[in-house]
Amino acid sequence: MEGGENEQPEPEQEALDWGEQEWGTHRYHVNRLVEDSISLLPMPEKAVVLGAGNHGDVGLPRLSVHFQQVTALDTEDNMLQEWLDSTGGIANNRVRSLTRIDYTRLDQISFYETFEELLAEGKSAGEITDYLRDCAFRVRGLEAMPHLKKAFSLVVSSGVHTQLFYPDALMQFYGYMEKYNENETRQIVEALGYLRNSLITDYNRMLLSLVKPDGRVTVWTDMILLDEDKQWIAEELDRRRTDKERTSFLFEAFGQYGIEAAVLGLRDLYDSLRPDQLLFRSWVGYTDSGKTYLIAGLSGRLRL
């Protein structure tokens, strides 16, 4: 029976590209982290993947073998539902796709529309800064997915922390940046950073709220952009022999060179997980744009 289940996803991979060729090394480490996490679950029942995208880092057919149901969540429309409709059978029974999920709850307060209006009307940097900081408090009283609380044995976050809110908001502001002087621009960018940091810790709280009492949360994120000046970090990491040496070096490197959103997200989540059966992994990943990142993955159970 087990062998048959493992064979079922094979023909489905022709209908949707699961990235095995392009992202082979990255997907290998992701699969290892996820499957090691599953092996520590007392009873795998349902799993959820946030940041699923069209195929994301996680091969859903492979994951669905272990669970009664896998729910893929994404903030935007993607091809998953079309793929599920075309395959039917085991895939359609075990995997479901939910899109346009508002992780940040900003849509509930019409943030992007209001932010656009303030910028288009040429509101002062002070007014915009006050609005951005106020939004951090306004969304805190709202919930993204209250109906899914404590519903999953495994909660997976696939590269969400560095994509959450900030890149889109910066791009939105970029179109109006010429209206503001250097000091005003800095004020607005700092306020965007303040809101981003608040949203990241809120996102972590949401992740933890989805986990059943005996479940696990598993995340990974790009931590350091390994440009020419930072390639030495990967080389130095290879020289560290023990897990303790590698972990100590990595955390020091994250603090000095890490992407701020990723460092905050991982550190905050790390503090929320129990030290026993905690998994921490790192690897080098490549993007289609040619950039190279040092990636970190974390998996654990909630502190009581």
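**Close-up views of a predicted model**

Figure 1. At 23% relative accessibility, Ser209 counts as partly exposed. This residue of the predicted model belongs to helix α10, which spans residues 182-209.

Figure 2. Helix α9 comprises residues 166-174, and its buried residues are Tyr166, Ala169, Gln172 and Phe173. These residues lie on the same side of α9 because they cover an arc of only 130° around the axis. In general, an α-helix has 3.6 residues a turn, so residues three or four places apart point the same way. The exposed residues Met171 and Tyr174 are carried on the face of α9 turned away from the buried side.

Figure 3. Phe165 is located in the loop between strand β4 (152-158) and helix α9. The phi angle of Phe165 is near 70°, a positive value in a residue other than glycine. With a relative accessibility of 3%, Phe165 counts as buried, since the cut-off for a buried residue is under 20%.

**Figure 4. Arg105, a buried arginine with a positive phi.** The loop between strand β3 (95-98) and helix α7 contains Arg105. Although Arg105 is not a glycine, its phi is positive, at about 70°. Arg105 counts as buried, with a relative accessibility of 6%.

Figure 5. Asp276 and Arg301 meet through their side chains in a salt bridge, with a distance of 2.4 Å from N to O. This pair links distant parts of the chain, 25 residues apart: Asp276 is in the loop between α13 (260-270) and β6 (279-286), whereas Arg301 is in the segment after β7 (292-300). Asp276 is partly exposed, its relative accessible area being 31%.

Figure 6. Side chains of opposite charge can pair when their charged atoms come close. A search of the whole structure finds 13 salt bridges. In one of the pairs shown here, Lys123 forms a salt bridge with Glu121, and the closest N and O atoms are 3.8 Å apart. Lys123 is partly exposed, at a relative accessible area of 28%, whereas Glu121 is exposed, at 53%. In another pair, Asp227 forms a salt bridge with Lys230, the closest N and O atoms being separated by 3.4 Å. Asp227 counts as partly exposed, with a relative accessibility of 28%.

**Figure 7. A patch of negative charge on the surface.** The residues Asp107, Glu113, Glu116 and Glu117 gather on the surface as a patch of negative charge. Among them, Glu113 has its place in helix α7, which covers residues 111-120. Glu113 counts as partly exposed, at 48% relative accessibility.

Terms used: Residues are numbered from 1 along each chain as its sequence is written. This is a predicted model: local features need pLDDT of at least 70, side-chain atom pairs count only at pLDDT 80 or more; totals for chains, interfaces and linings use all residues. Side-chain values use heavy atoms; hydrogens and water are left out. Patches are made of residues with over 30% relative accessible area and no salt bridge: like charges are joined within 9 Å, nonpolar side chains (Val, Leu, Ile, Met, Phe, Trp, Tyr) within 5 Å. Accessible areas come from the Shrake-Rupley method with a 1.4 Å probe; for residues, only the protein chains shown count as cover. A salt bridge is a side-chain nitrogen of Lys or Arg within 4 Å of a carboxyl oxygen of Asp or Glu. Lys and Arg count as positive and Asp and Glu as negative; His and the chain ends are not counted. The place of a charge is taken as NZ of Lys, CZ of Arg, CG of Asp or CD of Glu. Helices (H or I, at least four residues) and strands (E, at least two) are DSSP runs, numbered from the N terminus. Buried means under 20% relative accessible area, exposed over 50%, partly exposed in between (1.4 Å probe, protein chains only). The arc is that of the directions from the helix axis to the C-beta atoms.
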